[in-house]
Every structure is written in C-alpha cells, then in structure tokens.
Amino acid sequence: MRWPLIYQVTLPLTLWTLVTVFALSLLNLWYAQVETGEEVEARLAAINQQLSEVRFPLSQPVLQQIQGLTGTELAVTDNDGKLIRATTEITAGELPALLKNTNPGEVSLAEVINLAGVSYFHSTTTSRFSGSGDVTVHLLFPKANYDRRVTQSFWPLMLLGLVAVGPMLLVASFLATRITRPVARLQKQVAAIAQGDFIELPPGKTNDELRDLSLAINQMSQQLQQYETKVRTMERAQVLGQIGAGFSHQIRNAMTGGQMALGLHQLDCSIPDCESLQVAQRQMAMVEHMVQAMLRLGRKQGIDRRTISIAQLIDSTVMMVQPQAQHHGLTIHQQVDFPADATMHADMVLLQTCLMNLLLNGIEAILSAHASQAAEGKEVAGTVGLEIEATPHEGEESITIQVCDEGMGPPAEIADQLFEPLVTTKPEGTGLGLPVVREIVELHGGTIEWYRVDGKTCFQITLPRRVK
C-alpha cells in the first residue's frame, strides 16, 4: 500500500500532539486533584477547629451564616444521635449515614455520604453550647464543588490542545508540501534521465539537503550524458576501426605489388642511387608502417615490445616524413638529448606511426596557416617548420617526445575533444588520427597532452623506457 510522505509527516505529528496534550491534561488533572483536596481538607480542618472552640449557641442563623461564609453545609446532633438543626434538609432515613463517622476532628476526603442525591465530604467535630453539654457538628462540603474545580483544570488545557491541532496540521502540511514537491520534481527528473533525456533542473534557493540532492542529480545527469557520448563514440570508432582494418588489409596487398614494381624498376633503372626511387620507397615504407599499425590496432593485438634505439626511432620517423615536408618547403628540426646508444623498450612500428601522425598533422596545420595568411594578404614566413625533440624525464626512467608546429592550433570548439574519435574540422579528415596516437601512447603506459606556447602548437608524449 502506498504511504505518501505527507501522511508520514502529518499523521505521526498529529498523533504525538494528541498524546502529549492528553498526557499533560491528565497530569494537570492529577495535580489539581491533589491541590484541591489539600485545600478542602485544610478548610474543613479550620472550620472544625473554630467550631470546637466556640462557647455560644449554634443557632440556626449562626449555622446559616457559617454556611454562607464557607460554602459548607452544617448539621448538629446531640449525644443520642438526634438531629437538632441543619442548613440542609436531612430525612430520618439519611440520618444513620450521617452518624457513622465516629472520629470527631479527623478530616478525610475518603469520607463521602449522599444526602438527597447530593454527595458531600463528611467531617465531624465536638462543640459545646453555653451552659449545656457537648453536641456533634457535622460538616458537609459539596463534592460537586471539588469536582468542578478539578474538571476546570482538565478540560481547558485539553480543548486548547485539540484546537491547536488544526493549525499544527496546516503548518505540518505546508512543511511537508515544501518537501514533497521538490521530491516529486526530482523523481520526474530521474525518470527522464532513465529514459535518456539528460535534463538539468535549477536547484532550490534554500541551502538544504534537497538542494544538495538536486545538484547531485544534475551532476549525475552531466556524467551520464558524457558517458553516453563516449560510449557512442567508442562504438562508432570500433566499427570504423574494423572497417579500417579491412581496408588496411586490401591496401597492404596493393602495397606489396607496388613495392615489387619499384624493386623491379630499380633493377632496370640505369641511374645509380636514383633519388626519386628512394623517396618513393620511403613513402611506401611509411604507408606500410601505417597499414601495419592500423591492422594491429583493429585486431586488438598486443604491442610487440623490443629494445629499440631512441635516436633511430626519431631519425627513421623524420626520414619517412621528410620528403613530404620538403615538397612543401618545410624543414623538420630534430633534437635528441640522449646518448647515441640510449634505448627504450617499445613497439617500433607503433611509435613510428604515432610520431608520423603528429608530424603530418603539423605539416597540414602549417599549410593551413599559410593559406589563411595568403587569403588575408599577409606575407608568409619562409622559415617556419616543425620541431621534434626527445628528452629525459624523471631521472631518465621515462622519455618525453615533443612535436611542435607553427600552425594556428586546433579550433576552440574541438579543443577539449581533440583526442576523441571522429572529432575533426577538416573536410577530408576522419577524426581518427589523434585517437590512434593516444591509443598507441596508452598501450605503452604513457600519456599525451597538448598546449599552445609562443605561437606554437606542441604535443607532448611521456613514455616509460622500461616495462615495470
């Protein structure tokens, strides 16, 4: 059974209020009984003492005057039990009940008698007429007066508590509504998020737990939206990777034929050390490296770690990209701050593919900057080029390879997603180059980041030299 939150707040609060009011009323009733009883006993004891000390006749007017002053009925009997006079009517049948009290001067509220349908607290005392014998004076205090005073102490507080329940319910309902409405709104927001609608609602103005919960749900919505975007991107990248691996296989078959044709042509060529053939062979080798890397990544094969020369890694990579750079009038400046025999444990083919991607991207960035400058009528600088630098990192346990170009840098709209698959602004781009670079770096246990400094765009790769 559904138990709404507003009922969970208001009903227990109402019940607790009623119980509290009833308990306080009973406590006040008990206190009033004790206090009123003591007051009645004290009054009867005072009257007893005064009557026991009088030395004048207790005539009917005297008795009525005492009754008017004290609110207590009086009756006088002699030693034989005969009723002499009284301020209230007492029949002969009621007289024996009046004579039962045999303890003169003792006051007790336990002594109650009924006369003419009226209940009285009964107390007796002995008094003496002037010049006559002792008589018994019966004091009859109406029990109704006692009950009325006690009741007056119970019902006002009880009624006041019952009347206060109404406003308390209104206040409790208002407070509960202030809680249930935001909760209902958050419930709808969570349901929408579960359906894939990652909406964000403004948090409440009051700095309380509900505001914290709303902020947490908004943060969860953002994270889920980012996660869904990443999952979808990874799915697309995986499909493209599989398709790319298939194309790479076909390209490798075609490359094999092209390499064989170049070899045969070199045998028939009469020009020794033909530079054109060497350039073509290096370009074919570069494509072969890229195809092998794409096949390995597409098939999720492990990396082939071997001991390789750091200088050879940089030199061979620059050598394969150099012809394309020279074709566009660009230079590649390389610097290796390691001894010639310095080595690292890595996959040569994958790292070459990684660095070639960065260098080729740098060439495209510089050419794009040239075109933009020419379109604006600015003079194109003739000394621009690329830089690749390998330096020790963290006590030579790691290596930092930095590739910088003097292009304009990535557009601001994709700067935060540069390494995400399918993110590109190039009309002919696929958005897979830098994601492949990051995957190769992470397969080697390294990190990659980029930044802009002094008008240059730099990609910095940090790799461990040894596998731990």
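Visitor: Why is Gly 81 called buried?

Guide: In this predicted model, Gly 81 has a relative accessible area of 15%. Buried means under 20%, so Gly 81 is buried.

Visitor: Where does Gly 81 lie?

Guide: Gly 81 is in the loop between β1 (73–77) and β2 (83–86). Its C-alpha is 6.9 Å from that of Leu 99, although the two residues are 18 apart in sequence.

Visitor: What makes Ala 116 exposed?

Guide: The relative accessible area of Ala 116 is 60%. The label exposed applies over 50%, so Ala 116 qualifies. Ala 116 sits in the loop between β3 (112–115) and β4 (118–128). Its phi is near 55°, a positive value in a residue other than glycine.

Visitor: Why does Asp 454 count as exposed?

Guide: For Asp 454 the relative accessible area is 75%. The cut-off is over 50%, and Asp 454 is therefore exposed. Asp 454 belongs to the loop between β11 (447–453) and β12 (456–464), and its phi, near 55°, is positive in a residue other than glycine.

Visitor: How do you know that the end-to-end distance of helix α7 agrees with its number of residues?

Guide: Helix α7 covers residues 310–327, which is 18 residues. At 1.5 Å a residue, α7 should span 26 Å. The C-alpha atoms at its ends are 27 Å apart, so the two values agree.

Visitor: Where does α7 bend?

Guide: The bend is at Val 321 and amounts to about 40°. Pro 323 follows within four residues. Val 321 and Pro 323 are among the buried residues of α7, which also include Ile 310, Leu 313 and Met 320.

Visitor: What makes Ser 309 a cap of α7?

Guide: A side-chain oxygen of Ser 309 lies 3.5 Å from the backbone nitrogen of Ala 311. Just after α7, Gly 329 has a positive phi of about 75°.

Visitor: Which hand does the crossing of α7 and α8 have?

Guide: The crossing of α7 and α8 is right-handed.

Notes: Residues numbered from 1 in each chain as written. Predicted model: local features only at pLDDT ≥ 70, side-chain atom pairs only at ≥ 80, totals over all residues. Heavy atoms only, no water. Helix = DSSP H or I, 4+ residues; strand = E, 2+ residues; numbered from the N terminus. Expected span 1.5 Å × (residues − 1). Bend = angle between axes of the 7 residues up to and from the residue. Buried < 20%, exposed > 50% of the residue type's maximum accessible area, 1.4 Å probe, protein only. Polar contact = N/O pair within 3.5 Å; in protein donor to acceptor, adjacent residues only side chain to side chain. Left-handed = near helix turned anticlockwise from the far one by under 90°.
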